[in-house]
Amino acid sequence: MSISTQPARRTIARPKGVLLPLALLVLVILAAFTLLPGLIAPHDPIALAMADRLKPPSLTHIFGTDEGGRDVFSRIVYGTRYSLGVAIAIVFASALFGVIYGAVSGMARQGIDNLMMRIVDLFFGFPALVLALAVAASIGRGLDSVALSLAIIWWPGYARLVRGEVLRLRERPHVEAARALGVSEMTILRRHIIPFVVQEVNVRITTDIGYALVAVTALSFLGLGANSPTPEWGLLIRDSRPYFGSAWWYLVFPGTMIMLTATAFSLIGDALASRRAA
Amino acid sequence: MILSVRDFAIGFQREGQNLVAVDGISFDVEAGETFVIIGESGSGKSLTGMSIAGLQPPTAFVSGSIRFKDREMLKRPDAELRKLRGPEIGLIYQDPLSSLNPVWPVGDQIAETLVAHGLAGRAEARKRAVEMLERVRIPDPRRVASAYPHEISGGMRQRAMIAMALAAGPSLLIADEPTTALDVTIKAQMLELLAELKHEMALTIILITHDMGVVAEVADRILVLYAGRIAEVGPADSIMLQPSHPYTAALMTSAMISQTPAKQELNAIVGGAPGLGAFPAGCRFHPRCPRAQNDCKAVEPPRRKFGVVELACHHPIEAAMSLTAARS
């Protein structure tokens, strides 16, 4: 009876050639850094060794050392937990809240739905940096305030995505069939709508982790995030600025890590999206 | 009498205009019969079927009365309607693939109806789902119960849909163009199955279709709907063989392809069905009717008894001349 009127999906090309395997390799390396930093890092990331300060890359310090004589590679390895960990936490918290919010909005009557979406607009319009400053001012500078402020501006994206999907899926014949057999709206949502929404959300989560990582490191770089001596990647770059003329490695390696990580998540997200569309 | 529809109307408001899709129809359905609602697309047949189960679009306005087992269905709270759908009224739709959820096994979806109405626990419901699959003549029901919809054939999916609709033991089954998506042999099997299940489970069936072949197989009584109005209603035999309303006659001749000589042109009805909000004055069929006269353009024909049928026509076809007249 109903004709599905799916909007034309944005077609995303599947990453070609070695890009996807490389992205997966980066992911494996990041997982190793996060789970077993003690096994991989050759040096202590915190202890100072003033005799070795600002040494260029060598066999003992492959990424060189910083102004405190600490091994930059070891600091990057330990820092993965902070930078990537916070990024993942932000995205998962936002997704969880956004999915629930969006699903309720999509199933609700029109008036309630409208109200809920205007609230989402309110959050969308809020500038991230101003919010981060405000949160940092009220609960103190640190990764927790970064996580909180980014999660506050991040969830509305999920709420909107999920509401749109729910509205689309509600008209699907299998949902109508379930309704015709007296299945309750809650059960319909849980069994006949959410499983399809989750596929869409998975793609978004993957891509978003890369973006969130950039956002977290950017806020740390601006001095709103991690405090020394936490080896957070954004903070490494912030600390490296005075020495850029003489110690390029101190800036370049953490910067490269951020770029590689963000790109890897973006590529994997594209691969998931292209598989969904196919 | 299991269902009684009186002056039922349904319509939509669009740009401040009232568009009436079904305009005051009345009919009764007796327990145990197969009642066929037939009409072109846009005649309002699906909307009527959906409204019986309380599934009309929420934006529609309705009037009149639909009484199912002495319960008024229109304007009944949603929660109460939900309790009736499944245990009292079952529905099957035309597209068996998209009507099954691709992420759950077939058996789970049949069991869901039972669980939703508290008729069985999860384990018991699953057992009953296998029994239901057996009941709709699916070979190896245990295997099919744990298969996903894409793993079974189109005919099996439609059988699974029927099992879903009948799992909670309804007395009324509404089938909205259940055979449209099926090929001819499977269609025949499906109609046979419905007829058998009707006897086994003491069902009343309301079949909504535009397929004359289906009508001929199963109908006890037929309601012909045209542009939201009843053209003719009566016993299947007399409507099929001696149609009195010119529209019915035209429908029947256009369907008799197999009985006409190969070289004869197909009898199509001239013109197209009027769109919503553009119904002509007087008899709604008059612009396409070969028997139309001046009174048809001005006065809407009242419903009246005519032989064994009831119809709304100023100039019905007399029994003796019916088929020849329609063909000429």
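Two residues are taken to be in contact when their C-beta atoms, placed from the backbone, lie within 7 Å. On that basis, the contact between the chains takes 15 residues from chain A and 24 residues from chain B. This is a predicted model, in which local features need pLDDT of at least 70 and side-chain atom pairs count only at pLDDT 80 or more, while totals for chains, interfaces and linings use all residues. Residues are numbered from 1 along each chain as its sequence is written, and chains are lettered from A and ligands numbered from 1 in the order in which they are written.

**The side of chain A that touches chain B**

- Helices (H or I, at least four residues) and strands (E, at least two) are DSSP runs numbered from the N terminus, and the elements that give two or more residues to the side of chain A that touches chain B are helix 7 (173–180) and helix 8 (185–221) of chain A.
- Helix 7 of chain A gives the most to this side, with 5 residues.
- The residues of this side divide into 7 nonpolar, 5 polar and 3 charged, where Ala, Val, Leu, Ile, Met, Phe, Trp, Tyr, Cys and Pro count as nonpolar, Asp, Glu, Lys and Arg as charged, and the others, Gly among them, as polar.

- After helix 7 of chain A comes A:Gly182, whose phi is positive, near 80°.

**Annotated span in chain A**

- An unreviewed UniProt entry carries the annotation "domain: ABC transmembrane type-1" for residues 80–269 of chain A; UniProt positions are given in the numbering used here, feature names are shortened, and annotations may be inferred rather than shown by experiment.
- The end C-alpha atoms of residues 80–269 of chain A lie 20 Å apart, and the span is 83% helix and 0% strand.

**Two domains in chain B**

- Chain B is assigned domain 1 (3–219) and domain 2 (237–327), with bounds that come from an automatic or database domain assignment.
- The centres of domain 1 and domain 2 of chain B, taken over C-alpha atoms, are separated by 29 Å, and the contact takes 8 residues from domain 1 of chain B and 8 residues from domain 2 of chain B.
- On the side of domain 1 of chain B that touches domain 2 of chain B, strand 2 (17–29) and helix 8 (212–218) of chain B are the elements that give two or more residues, and the largest share, 3 residues, comes from strand 2 of chain B.

**The largest nonpolar core**

- A nonpolar core is a set of buried Ala, Val, Leu, Ile, Met, Phe, Trp, Tyr and Cys residues joined through C-beta atoms within 7 Å; of the 162 residues in the largest one, A:Leu150, B:Leu133, B:Ala163 and B:Leu223 touch the most other members.
- Helix 3 (residues 72–107) of chain A gives the most to this core, with 15 residues.
- Domain 1 and domain 2 of chain B both give residues to this core, so it lies between them.
- Leaving aside neighbours within four places in sequence, A:Leu150 is in contact with A:Ile90, A:Ala212, A:Ala215 and A:Val216.

**An open sheet in chain B**

- In chain B, 4 strands form an open sheet in the order 2-1-4-5 with antiparallel pairing, two strands being paired if DSSP finds at least two bridges between them.
- Strand 2 and strand 5 (71–72) of chain B stand at the edges, each with a single partner strand, so one side of each is left without a neighbour in the sheet.
- Strand 4 (residues 61–68) and strand 5 of chain B pair in the antiparallel sense over 2 bridges.

**Backbone exceptions**

- Most residues other than glycine have a negative phi, and most peptide bonds are trans.
- A cis peptide bond, with omega about 0°, joins A:Ser228 and A:Pro229, and A:Pro229 is found in the loop between helix 8 and helix 9 (233–240) of chain A.
- B:Glu15, which is not a glycine, has a positive phi of about 50° and lies in the loop between strand 1 (3–14) and strand 2 of chain B.

Methods
A residue is buried if 20 or more other C-beta atoms lie within 10 Å of its own, exposed if 12 or fewer, and partly exposed in between; C-beta atoms are placed from the backbone.
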